[in-house]
Amino acid sequence: MSAPRAHWGSRIGFVLAAAGSAVGLGNLWKFPYIAWNNQGGSFLIVYFLAVTFLGLPVMIAEISVGRRAQLSAAHAYAALGGRAWGVLGWVGVLAAGVIQSYYLVIAGWSLHSLGECLGWSVGGYVSPVDGAFSAFLANGPLQLAFTAAFSFLTSAVLFRGVSGGIELLNRWAMPLLFALLIYLVGTALTLDGALAGVAALWTPQIQTFRPAALLEASGQAFFSLSLGLGAMVTYGSYLKREDSIPRAALAVVILDTVVAVLAATLMFILLYAIPGLAERVSGSTVGMLFVTLPELFYTKIPGGIVLAPAFFALVAIAAVTSTISLGEVLIAAVTDTWGIRRDYATVATGVAVFAGSALAALSLGAVPALSEVAVFAGKAGVLSTLDHLASNYLLPLGGIGTSIFVGWFWAAKDSRIQLALPSPLFLIWLWSVRVVAPAAIFALLIAVALGKDFS
Ligand code: PHE
């Protein structure tokens, strides 16, 4: 007989774990960059719209599928809708494996930067030679080592189970992350010229608004809220019957959005307050996050010797609470399918994903064949290819499938009981899931077909 299904120890445990999944590199790294490219102001409004009418309804839908079925993504759809819908769950599992493979590599860089900053804080800052970061990326053994370290960290948490591992980590990691981020923003606000950055982020400028921003915001909302691959289905399956899903989902969406906006505020302040910075980071936030920030901390920002390592600790914490949710999708799929023990499943999925991660880790210059493969035009290398595949195809497909399934096929009566929402709110939710979400995601897929890139 298999063990009874694990559950969260408390409602706040679920909210923090789901928020931990949502808050990740997408918030700290992608969001500020997209906001910057869209010149701030108007993008925030569009993003808030996307989160409210696309993100929140789909999140509610995913969590309720999981809780109703009490099964992981891989099986929940089949249990509620029949075998054909099961495919949707497995597409999600595939997406989780794909994202985990490259996410672990980038997450590993945060450990590298953390180590570097600890060294500088103790021994004094030495400005790295030009091209040091590219050399690090192209260093195969180092890339493998940091990726392996992060995989190990992730599996170590997962090994301890749902409430003893995932919930426990998130319980202290999420408040810590908030505190650190608020402290960083607070410090940045004391810089000369900081307010210009805040104003740039918060003042809507209709003249610079591009319609494409609507789609970018939708794609980003999806990735940032961990939607479209069954992570929320899986976490929802550990939710007890009596907890309110809409309230929990709302809390998660708000927490995720607040972190994204705080991170963007931090970046905008730095970009406005430090002369010449904006020109140097144009093109990519990889440089911004891993190269420019340490230099700024040590040369321009008071208290930098504490703040620099704190910042990279923050990035690592945000990343690990996301990688464990991706790992959990895989583990739950394996345990729900074969009924094997959780600890075996943790090791097996960890090793399997590491095989993919190793290819991604070596595709940044270390191994030419892996760095040059191009499945999608203009996306050279395994890492970019996997990111492109997940963000442009797998997540939108998962999202459109989920909203159609929940909106049109899974009995509206059942979801009504599940959600216990007052009638007008229920109808807004239902029609967002039925029409708004599929239409927005469909537009996104069309844009992808026409050559737009959301990775
Ligand atoms: N939401 C995470 C982030 O913003 C990424 C993620 C996507 C995690 C999907 C789990 C599932 O970084």
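**Around Thr-234**

Tutor: Let us begin with a side chain: a polar atom of the side chain of Thr-234 lies 2.8 Å from the backbone oxygen of Gly-230, and a polar contact here is a pair of N or O atoms within 3.5 Å, where within protein one must be able to donate a hydrogen and the other to accept it, and residues adjacent in sequence count only if both atoms are side-chain atoms. Please keep in mind that this is a predicted model, in which local features need pLDDT of at least 70 and side-chain atom pairs count only at pLDDT 80 or more, while totals for chains, interfaces and linings use all residues. Residues are numbered from 1 along each chain as its sequence is written, and side-chain values use heavy atoms, with hydrogens and water left out.

Student: Which backbone nitrogen lies 3.4 Å from a polar atom of the side chain of Thr-234?

Tutor: That is the backbone nitrogen of Ala-73. Thr-234 itself belongs to helix 11 (residues 231-236), where helices are DSSP runs of H or I with at least four residues, strands are runs of E with at least two, and both are numbered from the N terminus.

Student: Is Thr-234 buried or exposed?

Tutor: Thr-234 has 0% relative accessibility, so it counts as buried; the word means under 20% relative accessible area, with exposed being over 50% and partly exposed in between (1.4 Å probe, protein chains only).

Student: Now the ligand. How many residues surround it?

Tutor: There are 14 residues around the ligand, and the closest are Ala-22, Gly-26, Tyr-103, Phe-223 and Ser-226; a residue counts as near when one of its heavy atoms lies within 4 Å.

Student: Which polar side-chain atom lies 3.0 Å from a nitrogen atom of the ligand?

Tutor: That atom belongs to Ser-226. A backbone N or O atom of Ser-21 lies 3.3 Å from a nitrogen atom of the ligand, whereas a polar side-chain atom of Asn-27 is placed 3.2 Å from an oxygen atom of the ligand. Taken alone, the ligand exposes 320 Å², and the protein buries 100% of that, with areas coming from the Shrake-Rupley method with a 1.4 Å probe.

Student: Where is Ser-226 found?

Tutor: Ser-226 is in the loop between helix 10 (212-224) and helix 11, and at 12% relative accessibility it counts as buried. Most residues other than glycine have a negative phi.

Student: What about Gln-70, what is its phi?

Tutor: Gln-70 has a positive phi of about 55 degrees, and it is not a glycine. Gln-70 lies in the loop between helix 3 (41-69) and helix 4, and with 17% relative accessibility it counts as buried.

Student: Changing topic: how many aromatic pairs are found in the whole structure?

Tutor: The search finds 26 aromatic pairs, taking rings of Phe, Tyr and Trp (its six-membered ring) whose centres lie within 6.5 Å, and calling planes under 30 degrees apart stacked, over 60 edge-to-face and the rest tilted. In one of them, the rings of Tyr-77 and Phe-405 have centres 5.6 Å apart and planes at 70 degrees, so the pair is edge-to-face. The pair links distant parts of the chain, with Tyr-77 in helix 4 (residues 73-81) and Phe-405 in helix 18, 328 residues apart.

Student: And why does Phe-405 count as buried?

Tutor: Phe-405 counts as buried because its relative accessibility is 1%. Helix 18 is largely enclosed by the rest of the structure, because 21 of its 28 residues are buried.

Student: Where is the kink in helix 18 centred?

Tutor: The kink in helix 18 (residues 382-409) is centred on Ala-390 and is about 40 degrees, where the bend at a residue is the angle between axes fitted to the seven residues ending there and the seven starting there.
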